[in-house]
Amino acid sequence: METYDEKTNTCGMICLKYLLLTFNLLFWLAGGMVMAVGVWTLVEKSDYISLLNSTYYSASAYILIAAGAIVVFTGIVGCCATLKEMRSLLIVYFILLLCIFLLEIVAGVLAYIQYQECFPFCQQLDKELQHNLKETMVQKYQQSGEESITSAVDKLQQEFKCCGSNSSSDWSDSVWILTPSNDRLVPDSCCKTPSNLCGRRDHPSNIYKVEGGCITKLETFILSQLQILGAVAIGIAFLQLVGMILVCCLYRSLKEESY
């Protein structure tokens, strides 16, 4: 009669454990990628978040970081459960995978729903963001103590090739433009070829006169990022299906050998 140790060292058990450990490695990498996207959003796109004057986008970045941390923690639980062959820990691991799986499926589906149709207040949210961006631009651009806002606006207009929140005419209400010592009609960053004092002319041949202004470009960028995140979330969710199947197989093998 074979001993318990001999049974646990069978080819099937070893393969199953290595497959589950490989899955955990991929799961860790996925969690690290999710955390990296959150950190990248806060570091690289923090200027845009401050311009929108809304906690929604910064909260989204923090949620990504938290989700990545949970995935990494779940991976650690999975490794411990696999290496120590603890059935109770395997159950905890399976429940964590199932919860994350359901959350990612929901997040992935919502990310693909059209922004205008997602909730009844989306149109109201659009108008609020447009108002916030315009107010930030006209009230804080080139003002003392608002250097970060000035830099963010210049970066936004050059990167997205736009001028003003809704249109270039927004700048006519700017505190800085209305200053008597200033002879520009728009900031120099609105120019197609930026140079000192190029903002004196607001002709379409000189500046970006994009329909919808910067807010439209920014919303398009955000929606494209949501679609990418949605695809990643659904992809990781199906990877987790494989992991849950492997966990069930290992749990069943351990249960049979305990008798």
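**Aromatic pairs and nonpolar cores in a predicted model**

Biologist: Which residues have the most contacts inside the largest nonpolar core?

Modeller: A nonpolar core is a set of buried Ala, Val, Leu, Ile, Met, Phe, Trp, Tyr and Cys residues joined through side-chain atoms within 4.5 Å, where buried means under 20% relative accessible area, exposed over 50% and partly exposed in between (1.4 Å probe, protein chains only). The largest such core has 25 residues, and those with the most contacts inside it are Leu 51, Met 137, Val 153, Leu 156 and Trp 171.

Biologist: On what basis are these values given?

Modeller: Residues are numbered from 1 along each chain as its sequence is written, and side-chain values use heavy atoms, with hydrogens and water left out. The model is predicted, hence local features need pLDDT of at least 70 and side-chain atom pairs count only at pLDDT 80 or more, while totals for chains, interfaces and linings use all residues.

Biologist: Which helix supplies the largest share of the 25-residue core?

Modeller: Helices (H or I, at least four residues) and strands (E, at least two) are DSSP runs, numbered from the N terminus. The largest share, five residues, comes from helix 9.

Biologist: How many aromatic pairs are there?

Modeller: Rings of Phe, Tyr and Trp (its six-membered ring) pair if their centres lie within 6.5 Å; planes under 30 degrees apart count as stacked, over 60 as edge-to-face and the rest as tilted. Under this rule, the number of aromatic pairs is two.

Biologist: Why is the pair of Tyr 141 and Trp 171 classed as it is?

Modeller: The ring centres of Tyr 141 and Trp 171 are 5.1 Å apart. Their planes stand at 65°, so the pair is edge-to-face.

Biologist: Which parts of the chain does the pair of Tyr 141 and Trp 171 tie together?

Modeller: The two residues are 30 residues apart in sequence. Tyr 141 lies in the loop between helix 7 (122-140) and helix 8 (147-159), and Trp 171 in the loop between helix 8 and helix 9 (213-257).

Biologist: Is Tyr 141 buried or exposed?

Modeller: The relative accessibility of Tyr 141 is 2%. At that value, Tyr 141 counts as buried.

Biologist: What is the arrangement of the rings of Tyr 141 and Trp 176?

Modeller: The centres of these rings are 5.3 Å apart. With planes at 70°, the pair is edge-to-face.
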